[in-house]
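The following exercises concern a predicted model. Each task is followed by a solution set out in steps.

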Amino acid sequence: MIEFAGVSHAYPDAAGQATTVLREVSVRLTEHRIGVIGANGSGKSTFARMLNALVVPSVGSVRVDGLDTAREARAIRRRVGFCFTDPDAQIVMPTVQEDLAFSLRRRHLPKDEVARRVEAALDTYGLAAYRTQPAHLLSGGQKQLLALAAVLVTDPALVVMDEPTTLLDLANAVRVRERVRALAPQVVLVTHQLDLLDQFDRVLVFHEGRLVFDGAPADAVAHYRGLVLT
Amino acid sequence: MTVLATYVERDSPVHRLPAGAKLGGLVVIAALSVLVRHWWQTAALLVVVALLYAAAYIPWRAAAAQLRPVALLVAGIGVFQVFVAGWERAVLVCGGITALVALAALVSLTTRTDALVEVVVGLAGPLRRFGLDPERVGLLASLGIRSVPVLVGLAREVRDAQRARGAATRPVAFLAPLMVRSLRHADQVAEALAARGIDD
Ligand SMILES: Nc1ncnc2c1ncn2[C@@H]1O[C@H](COP(=O)(O)OP(=O)(O)O)[C@@H](O)[C@H]1O
Ligand SMILES: [Mg+2]
């Protein structure tokens, strides 16, 4: 369960002045699939990053499964997986199976358990044929699937994705979408590709740092269109 | 693109050798190579290297691809040596360079990166006394290897973007955006590492 209580956030700018990018967000999210939409700069990424303690709110509190992100960042990150837009930035190890194993490095699992989990992830994500391939030889879609697999191999309770299909072509975006639909953990997905959200349980709309709408996907998209196109 | 030799999966005796032994052997041979005095010693070394490639079941093409980046340089040195110092000296120098490059490539063709990184972690063990975490050193090594193709990709993007705008490629006009992109990339990697729980 995700709980934002009176959250506002300001980043210090170059002149040391604070610019507020999130204002008084209070929301409680228990649904399985949650979408986040809004214009560029509306605060979506800041909101998403808060779920993994990458950003700690300047005012208010964020809790995931009862853990406060300001105090329990480590425990939070063990529980919350994060998938970024650019898979090249998240793939740390040179080859596919090494990168999957890297995710499990700090879990203190026995070697054969790591191997077993890596094997399972390779199968699930259709990466088995590429196991010893250098990551840079994968296509954009395969890279993103690898990044996603590297998150899921740790069995997170919540997966946060910040525009995971923005850099992908249609076929790859569809592949990632199918994977997202099949995910067991709770999902928070930030996207501009509105068709990704059509089967989601709940969609939040951000506008200039405020949470301005919260409801079913079709209504949220209509609200967003209204904001932008008038 | 062969920026770095990349692992070729085979079930061979060379693959099964411990990574530390292979790296150690490479260092020893490199050190001994400065003692070589006769062209036939170099020739013998080249034969040994070729046999090692055969024992590792590395296809000819993959082996040749490893040497291509240095081929022109070696050829140039060879021509120079033939005229200045004679063919024997040319074989000695060019053969030596070729053998060492080929051996280094053989190590990376037959050893998984995580095994190499483990050796690095082991070697970095004594650094613990100075407050350095060997695991971190190993992570840095992996990140370094991984970042080579990424940076090459970024450089290509910058060059293409400038060509598309019809700009002549001046060094400054190339390096400035490349720096910006590299820094942004480094930032994203740091954040991704934190997200994967590796910031402690
Ligand atoms: N690390 C940062 N430092 C300063 N300002 C930032 C930082 N990250 C984001 N911002 C600013 O915060 C605002 C909201 O950004 P963001 O949350 O990334 O929005 P979105 O993801 O909806 O585009 C933008 O104006 C952006 O420039
Ligand atoms: Mg964003």
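**Exercise 1.** Is A:Glu3 buried, partly exposed or exposed? Classify its salt-bridge partner as well.

*Solution.* Step 1: the relative accessible area of A:Glu3 is 27%. Step 2: buried means under 20% and exposed means over 50%, with partly exposed in between. A:Glu3 is therefore partly exposed. Step 3: A:Glu3 forms a salt bridge with A:Arg28, and the closest N and O atoms are 3.2 Å apart. The pair links distant parts of the chain, for A:Glu3 lies in strand E1 and A:Arg28 in strand E2, 25 residues apart. Step 4: A:Arg28 has a relative accessibility of 48%, so A:Arg28 also counts as partly exposed.

**Exercise 2.** Which residues do salt bridges with shared partners join to A:Arg177 in one network?

*Solution.* Step 1: begin with the side chains of A:Arg177 and A:Asp195, which meet in a salt bridge at 3.3 Å, N to O. A:Arg177 belongs to helix H7 of chain A, whereas A:Asp195 lies in the loop between E8 and E9, 18 residues apart. Step 2: compare their accessibility. A:Asp195, at 44%, counts as partly exposed, but A:Arg177 is buried because its relative accessible area is 18%, and buried means under 20%. Step 3: turn to A:Arg181 and A:Glu178, whose side chains form a salt bridge at 3.8 Å, N to O. Both lie in helix H7, 3 residues apart, about one turn of the helix. Step 4: the network comprises A:Arg177, A:Glu178, A:Arg181, A:Asp195 and A:Asp198.

**Exercise 3.** Describe the largest nonpolar core and name the element that gives the most to it.

*Solution.* Step 1: this core has 40 residues, and A:Ile37, A:Leu100 and A:Leu127 are among those with the most contacts inside it. Step 2: the elements of chain A that give two or more residues to this core include helix H4, helix H6 and strand E8. Step 3: H6(A) gives the most, with 7 residues. Step 4: beyond its neighbours within four places in sequence, A:Leu127 is in contact with several residues, including A:Val96, A:Leu146 and A:Ala149.

**Exercise 4.** How many residues does each chain bring to the contact between chain A and chain B?

*Solution.* Step 1: chain A brings 29 residues and chain B 28 residues. Step 2: the two chains bury about 2,700 Å² between them, 53% of it on carbon and sulfur atoms. Step 3: the interface has 2 salt bridges. A:Arg49 and B:Glu191 meet in a salt bridge at 2.7 Å, N to O.

Methods: Residues are numbered from 1 along each chain as its sequence is written. Chains are lettered from A and ligands numbered from 1 in the order in which they are written. This is a predicted model: local features need pLDDT of at least 70, side-chain atom pairs count only at pLDDT 80 or more; totals for chains, interfaces and linings use all residues. Side-chain values use heavy atoms; hydrogens and water are left out. A nonpolar core is a set of buried Ala, Val, Leu, Ile, Met, Phe, Trp, Tyr and Cys residues joined through side-chain atoms within 4.5 Å. Buried means under 20% relative accessible area, exposed over 50%, partly exposed in between (1.4 Å probe, protein chains only). Helices (H or I, at least four residues) and strands (E, at least two) are DSSP runs, numbered from the N terminus. Contact means heavy atoms within 4.5 Å. Buried area is the accessible area (1.4 Å probe) that two parts lose on being put together, summed over both. A salt bridge is a side-chain nitrogen of Lys or Arg within 4 Å of a carboxyl oxygen of Asp or Glu.
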